[in-house]
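Visitor: I have this model open and would like to go through it with you. Could you start with one residue and then widen the view?

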Amino acid sequence: MACLVLALFLALVALVAPVAHAQIPPEWQAAAQVVIGNFERGMPQAQKPWSDELREGWRLARAWRRHNNGNVEIILAEYLTFTLLCRDVGCSGDIVGGKPYTELAGEMKALRARQGDSYALVKAVHAWLAGLADPTGAAAKNAAMWSKDPDAVAADVEKADLYALYWILARGRPTSAEQAATFSRFALLVQQRGRIGDRCLDISRIATVVGAPPEIGSCK
C-alpha cells in the first residue's frame, strides 16, 4: 500500500510540476512592458496595443532554451528578448520575423562556432559595434562600456547565445544607424546597463522586488 501511495504521489508531482513551471512570473510581465515601453517612447510603435506578446515571448523563450540547451528554465533576458521580438517583428507560431526560431538557432550556433569561443565572440561584436556610423553616438559608448567586463556575457552560455542572436538580427538591418540601434536595444537586455540614443538606462533591478512596480534607473 505504501508503495502505491508513493507511486501516486510521484505521478501527481510529475503532472503538476510542468504546469507550475509554465507560469509567467507577474513581475517579469510587468518588467517587459515597462522596458519595451521605454524603448518605444516617442515612436509610432508606442501606440500599438499589447496583444499576445507577453505570452508568446514566454513560450518562444522556453522553446529557444529547450532547443539549444535541453531545458526550459529561462532567464529574464531570454524572456525580454523574445517578448521584444514578438512586439517588433511578430512571432506567430514558431516564426520570428519571417524565420523559424530553429533556423535562427542554427545561424547562432554557426556564428559561435566561427568565432571559436564566447570571449572571441564578445570581442568581435564590440569591435563591430564601435565601428558603426551611429549618429546618436550610443554605439561607440556602449561598446566601450560593455568591453570593460566581457565576463558579463562570455561567462554565461545562454547570454552568449543571445549576444550572437542579437548580432545576427542587427546585421540584417539595412543601415548602420539601424544596426546600431537594434543591437544596442537587445544587448541592453543582457548587459542591464547601456545607452539608447541620448539616454543611459539601468534595468538591473527591474524585476527583483516581487510585488513592487518595476522602475528603470539611469546610469552614467
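Guide: Let us begin with A46, which, once its neighbours within four places in sequence are left aside, is in contact with E40 and R87, contact meaning heavy atoms within 4.5 Å. This is a predicted model, in which local features need pLDDT of at least 70 and side-chain atom pairs count only at pLDDT 80 or more, while totals for chains, interfaces and linings use all residues. Residues are numbered from 1 along each chain as its sequence is written, and side-chain values use heavy atoms, with hydrogens and water left out.

Visitor: Where does A46 lie?

Guide: A46 lies in the loop between helix 2 (26–39) and helix 3, where helices (H or I, at least four residues) and strands (E, at least two) are DSSP runs numbered from the N terminus. Its relative accessibility is 35%, so A46 counts as partly exposed; buried means under 20% relative accessible area, exposed over 50%, and partly exposed in between, with a 1.4 Å probe and protein chains only. The C-alpha atoms of A46 and A63, 17 residues apart along the chain, are separated by 27 Å.

Visitor: And E56, buried or exposed?

Guide: E56 counts as buried because its relative accessibility is 12%. Its place is in helix 3 (residues 53–69), and, leaving aside neighbours within four places in sequence, E56 is in contact with C86, C91 and G93.

Visitor: Switching topic, at what angle do helix 6 and helix 9 pack?

Guide: Helix 6 (residues 118–130) and helix 9 (residues 157–171) pack at an angle of about 30°, with their axes 10 Å apart. Axes here are lines fitted to C-alpha atoms, for helices over the stretch in contact, and angles run from 0 to 180 degrees between N-to-C directions.

Visitor: Which residues meet there?

Guide: On the helix 6 side they are S118, L121, V122, A124, V125, H126 and W128, and these meet A160, Y163, A164, W167, A170 and R171 in helix 9. By class, the contact of helix 6 with helix 9 has 10 nonpolar, 2 polar and 1 charged residues.

Visitor: What does L111 contact?

Guide: Leaving aside neighbours within four places in sequence, L111 is in contact with L121, A164, W167, I168 and R171. L111 is found in helix 5 (residues 101–115), and at 2% relative accessibility it counts as buried. The C-alpha atoms of L111 and A180, 69 residues apart along the chain, are separated by 19 Å.

Visitor: What about phi of Q192?

Guide: Phi of Q192 is near 75°, a positive value in a residue other than glycine. Most residues other than glycine have a negative phi. Q192 lies in the loop between helix 10 (176–191) and strand 3 (193–196), and with a relative accessible area of 32% it is partly exposed.

Visitor: Now the whole chain: how many helices and strands?

Guide: The secondary structure of the chain comes to 10 helices and 5 strands. Its radius of gyration, taken over C-alpha atoms, is 19 Å, close to the 17 Å that the globule rule (2.2 Å times the number of residues to the power 0.38) gives for 220 residues, so the chain is as compact as a globular protein of that length.

Visitor: How much of the chain is buried?

Guide: Buried residues make up 43% of the 220 residues in the chain. Among contacts between residues at least 6 apart in sequence, 67% join residues at least 24 apart.

Key:
Ala, Val, Leu, Ile, Met, Phe, Trp, Tyr, Cys and Pro count as nonpolar, Asp, Glu, Lys and Arg as charged, and the others, Gly among them, as polar.
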